[in-house]
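Hi everyone, thanks for making time. I'd like to walk you through one model today, a few spots at a time.

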Amino acid sequence: QTGSANTNPSDSADDEYITSVSIGTPAQVLPLDFDTGSSDLWVFSSETPKSSASGHVTYSPSKSSTAKKLSGSTWSIEYGDKSSSSGDVYTDIVTIGGFSVKTQAVESATKVSTQFVQDTVISGLVGLGFDVGNQVSPRPQKTWFSNAASSLAEPLFTADLRHQETGSYNFGFIDTSLAKGTIGYTPADGSEGYWGFTATGYSVGGAKLNRNSITGIADTGTTLLLLPDNIVDAYYNNVESAEYDDSQEGVVFDCSEDLPSFSFGVGGQTITISGDLLNLTPIEEGSSTCFGGLQSSADIGINIFGDVALKAALVVFDLGNERLGWAQK
Ligand SMILES: O=C([C@@H]1CCCNC1)N1CCCCC1
């Protein structure tokens, strides 16, 4: 068995990717953000304060004949960007890309932070990290993918995120036609709950790859490519108008700049992110100052290969072999 779901950028800056998920009987379809950097499936619901839920599609367990309360279970999660949510737990049927998990823990939000209240294009997250990262207490729950894995043709999924166009999350199979290059594999470390891996080096423009290993995570739920300051500086030294903007909390530059590409080595392959993909968006509507897709990871303490990097590749999240595959797109 397999599943295949389309995913779309939420806005002109490719801030998030939205995928439709069907929950309950009859189906309640919610727009959710698939997040390989976390391990909880949580949704805005009939239990979310009305003022917070305004503008969001919500899940009502009371309207689903297959919903069951997971009695005594609660959840609470704080993300690296200080956003947070918490609530109680139901189980229900959850279908993604035509593949159904009958008894999936659906974490219903009774509290959501302002970042989520304001982000009305999504109604919650689907964590695609490792089960060890699940935040349900007293008994942690499995992710949708973990529940699905044993029934899928292969225990893996792929992410094909695209700039300003429809991409896909495929479950149980690899559509190699989505990639230009060969898929290179490298071990994945799931011990922290994320998809951790080590890149073997980087280069700016078409230069030769240097051999600096970079340990980080592949995170579909993070917009940017977040790397150490020495790499960020090496890149922006090639961008004449680049400067750090305190109010934007990142490097900005003239939108008219012709940005160099950025490449990293992984699994014996070289993934090259075009300069265009590294110019994320004007800092404000109509501004001629643009915000960089590559920013510093210094104050996070972990390097994150977010959507800016993932957009350049077909990425295979291979649970069965505990490895990540990367192919140039
Ligand atoms: O909370 C996160 C991210 C936030 C954005 C969405 N993906 C998960 N983590 C990953 C990086 C280390 C801290 C935990």
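**A walk around the model**

Let's start at glutamine 135, which sits in the loop between strand 8, residues 124–127, and strand 9, residues 136–137. Before I go on, keep in mind that this is a predicted model.

So, is glutamine 135 buried, partly exposed or exposed? It's partly exposed, with a relative accessible area of 38%. Its side chain reaches back to the backbone oxygen of glycine 133, at 2.9 Å. Setting aside residues up to four places away in sequence, glutamine 135 touches Asp40, Thr74, Trp75, Ser76 and Ile77. If you want a sense of scale, look over at alanine 327: it's 192 residues away along the chain, and the two C-alpha atoms are 32 Å apart.

Okay, on to the ligand. Which residues surround the ligand? The list is Asp35, Gly37, Tyr79, Gly80, Tyr194, Ile217, Asp219, Gly221, Thr222, Ile302 and Ile304. Sorted by class, that shell has 5 nonpolar, 4 polar and 2 charged residues.

Aspartate 35 has a polar side-chain atom 2.8 Å from a nitrogen atom of the ligand. Aspartate 219 also takes part: an N or O atom in its side chain is 2.8 Å from a ligand nitrogen atom.

Next, some strands. Find strand 7, residues 99–112. Valine 43, for one, stands opposite serine 108 in strand 7. Strand 6, residues 84–96, is antiparallel to strand 7, with 11 bridges joining the pair. Serine 86, for instance, has lysine 111 in strand 7 as its bridge partner. Strands 6 and 7 form a hairpin with 2 residues between the strands, and glycine 97 in that hairpin takes a positive phi near 55°.

While we're on strand 7, have a look at glutamine 104, which is part of that strand. It counts as buried because its relative accessible area is 1%, and the cut-off for buried is under 20%. What does its side chain reach? One answer is the backbone oxygen of lysine 142, at 3.2 Å. Another is the backbone nitrogen of tryptophan 144, at 3.5 Å. Leaving out neighbours within four places in sequence, the contacts of glutamine 104 include Leu41, Tyr90, Val94 and Asn147.

Serine 83 is our next stop, in the loop between strand 5, residues 68–78, and strand 6. This one is buried too, at 2% relative accessible area. Its side chain makes a polar contact of 2.7 Å with the side chain of aspartate 81. Apart from neighbours within four places in sequence, serine 83 is in contact with Ile77, Glu78, Ser113, Gln115 and Phe116.

Where are the cis peptide bonds I want to show you? One runs from threonine 25 to proline 26, with omega near -5°. That proline lies in the loop between strand 2, residues 17–23, and strand 3, residues 28–35. Another cis bond goes from serine 137 to proline 138, with omega near 5°. Proline 138 is in the loop between strand 9 and helix 3, residues 144–149.

Last, a couple of positive phi values. Aspartate 14 isn't a glycine, yet its phi is positive, about 50°. You'll find aspartate 14 in the loop between strand 1, residues 3–9, and strand 2. Glutamate 322 isn't a glycine either, and its phi is positive at about 45°. Its loop is the one between strand 25, residues 313–318, and strand 26, residues 323–328.

Buried or partly exposed, then, for aspartate 14? Aspartate 14 counts as buried, at 1% relative accessibility. Glutamate 322, on the other hand, is partly exposed at 40%.

That's my tour. Happy to go back to any of these spots.

Technical notes
Residues numbered from 1 in each chain as written. Predicted model: local features only at pLDDT ≥ 70, side-chain atom pairs only at ≥ 80, totals over all residues. Heavy atoms only, no water. Helix = DSSP H or I, 4+ residues; strand = E, 2+ residues; numbered from the N terminus. Buried < 20%, exposed > 50% of the residue type's maximum accessible area, 1.4 Å probe, protein only. Contact = heavy atoms within 4.5 Å. Polar contact = N/O pair within 3.5 Å; in protein donor to acceptor, adjacent residues only side chain to side chain. Near = heavy atom within 4 Å. Nonpolar A, V, L, I, M, F, W, Y, C, P; charged D, E, K, R; others polar. Pairing = 2+ DSSP bridges.
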